[in-house]
Amino acid sequence: MEIYRIGVLEGDGIGPEIVAAAVKVIGAAERSCGLELLDWVRLPVGLEAIRQYGDPLPKATKEALQNCSGWLMGPHDSVSYPEVHQTGRNPSGELRHSFDLFANIRPNRTLPGIDSVAKQADLVIYRENTEGFYADRNMAYGTGEWQVTPDVVISAGVFTRKAAERIAHAAFQAARSRRRHVSIIHKANVIKLGYGLFLGVCREVASQYPDVRVDDYHIDAAAAHLVRRAGDFDVILTTNMFGDILSDLAGELVGSLGMAPAINAGDHFAMAQAAHGSAPDIAGRNIANPVGILLSSALLLEWLAGRHGDSRLQRIAEQIVRGVEGAAAAGIRTADLHGTASTSEFAEAVIQSMDRF
Ligand code: ATP
């Protein structure tokens, strides 16, 4: 029987709490399907890795990931790392760059039983993940920022045809198994060359998918439209920074940022990583909402199921989603949703809500 090696990188802040919950829930989902397919490989990252190896993303961790099918990545609190680790890429930027995880896929949908600003929404953001204004990953060497004088900084955005083409194809393909509607979000009226290239290439790709409806919005208008009528959006196709910002907004619109899942996917690897950060303000108290990382884990398993043509992984993913929906429908809530359940109590409720076979 094929075994899939899954890396586990706990990260900082609430990372260890939510990743532990995810590993427990995935194991329960696997057992409830009568399967034993996953082999966990624990690898240090972040502050733990600095303590052990003097490096937030040690070479040994990156090498071990080469032998994994995918991995769960907790958030990192890189602003709290010692000065010497402040230059260069942070751990997830480095992993996205070196494993060429070009698509950051971030679904947001309202769940029955969860109070939300958006009354009904089911959208997915396809965020370009390798360039744009993210100076830590848009260069082959060094970062795309220069301090000319103490009071003058130049930050470069990088936009390429290749990056726009592949994220656009990913988005349009996804739309075909959804409501066949892609919205391109940009700012081509101001950043005319960079976002102009992005928009132009996305439109070219759109012409290859005549069965998919396409429209486009400037980022500022898109933010307003999302708040007013999130339910009208299906697939959002956008650049690195806008995707980052809109996914926090969309996460809150459907309940809480703590519920927002994501995977970072390339042609060969995928990394599950909730859209939120390390939430240092609530770390170590067992009160973080684990839904984001749980649904990210389900996305990773779905991605692996597609890549390996293995429907058993899809079944495990469906069990996790069913468990989360069941716990939400039963009224179990963590503090961010004004509930009293701890992270581990919520995870237990997810497990209890899974189907028994
Ligand atoms: P990053 O830049 O790494 O994305 P950030 O500083 O933008 O991080 P977060 O760490 O995501 O921000 O935290 C933003 C707010 O959301 C904080 O108040 C935090 O407590 C809350 N938050 C984030 N994730 C969760 C979660 N899983 N459960 C509950 N609250 C969360």
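**A guided reading of the predicted model**

R161 has a relative accessibility of 38% and therefore counts as partly exposed. The model in which this residue is seen is a predicted one. R161 takes part in a salt bridge with E165, in which the closest N and O atoms are 3.4 Å apart. Both residues belong to helix α5 (residues 161-176), and because they are four residues apart there, about one helical turn separates them. E165 is likewise partly exposed, its relative accessible area being 30%.

What is the accessibility of each partner? R178 is partly exposed at 28% relative accessibility, whereas D234 is buried, with a relative accessible area of 0%. The pair also belongs to a network of salt bridges that links D122, R178, R179 and D234.

A further salt bridge is formed by the side chains of R127 and D244, with 3.8 Å from N to O. This pair connects distant parts of the chain, 117 residues apart: R127 is in strand β5 (residues 122-128) and D244 is in helix α8 (residues 240-253). R127 is buried, with a relative accessible area of 1%, while D244 is partly exposed at 22%. In total, the structure holds 20 salt bridges.

The account now turns to the strands. Strand β1 (residues 4-9) is mostly covered, since five of its six residues are buried. β1 pairs with strand β2 (residues 38-42) in the parallel sense, over five bridges. Within this pairing, Y4 has L38 of β2 as its bridge partner. Together with helix α1 (residues 15-32), the strands β1 and β2 make a right-handed β-α-β unit. β1 also runs parallel to strand β3 (residues 70-73), to which four bridges join it. Here the bridge partner of G7 is W71 in β3.

The protein is divided into domain 1, which comprises 1-107 + 256-357, and domain 2, which comprises 117-253. Taken over C-alpha atoms, the centres of domain 1 and domain 2 are separated by 24 Å. To the contact between them, domain 1 brings 19 residues and domain 2 brings 21 residues.

The nonpolar interior can be read against this division. In soluble globular proteins, nonpolar side chains tend to be buried together. The largest nonpolar core of this structure has 98 residues, among which Y126, L237, L301 and I320 touch the most other members. Helix α9 (residues 291-308) gives the most to this core, namely eleven residues.

Two residues in one loop complete the description. H276 is placed in the loop between β12 (270-272) and α9, and P280 is found in the loop between β12 and α9 as well. Is each of them buried or exposed? H276 is buried, with a relative accessible area of 9%, whereas P280 is exposed, with a relative accessible area of 52%. When neighbours within four places in sequence are set aside, H276 is in contact with I14, I18, P75, L257, G258 and N289. For P280, the model gives a separation of 9.8 Å between its C-alpha atom and that of S80, although the two residues are 200 residues apart along the chain.

Methods. Residues are numbered from 1 along each chain as its sequence is written. This is a predicted model: local features need pLDDT of at least 70, side-chain atom pairs count only at pLDDT 80 or more; totals for chains, interfaces and linings use all residues. Side-chain values use heavy atoms; hydrogens and water are left out. A salt bridge is a side-chain nitrogen of Lys or Arg within 4 Å of a carboxyl oxygen of Asp or Glu. Buried means under 20% relative accessible area, exposed over 50%, partly exposed in between (1.4 Å probe, protein chains only). Two strands pair if DSSP finds at least two bridges between them. A crossover is right-handed if, with the strands pointing away from the viewer, the path from the first strand over the helix to the second runs clockwise. A nonpolar core is a set of buried Ala, Val, Leu, Ile, Met, Phe, Trp, Tyr and Cys residues joined through side-chain atoms within 4.5 Å. Contact means heavy atoms within 4.5 Å. Domain bounds come from an automatic or database domain assignment.
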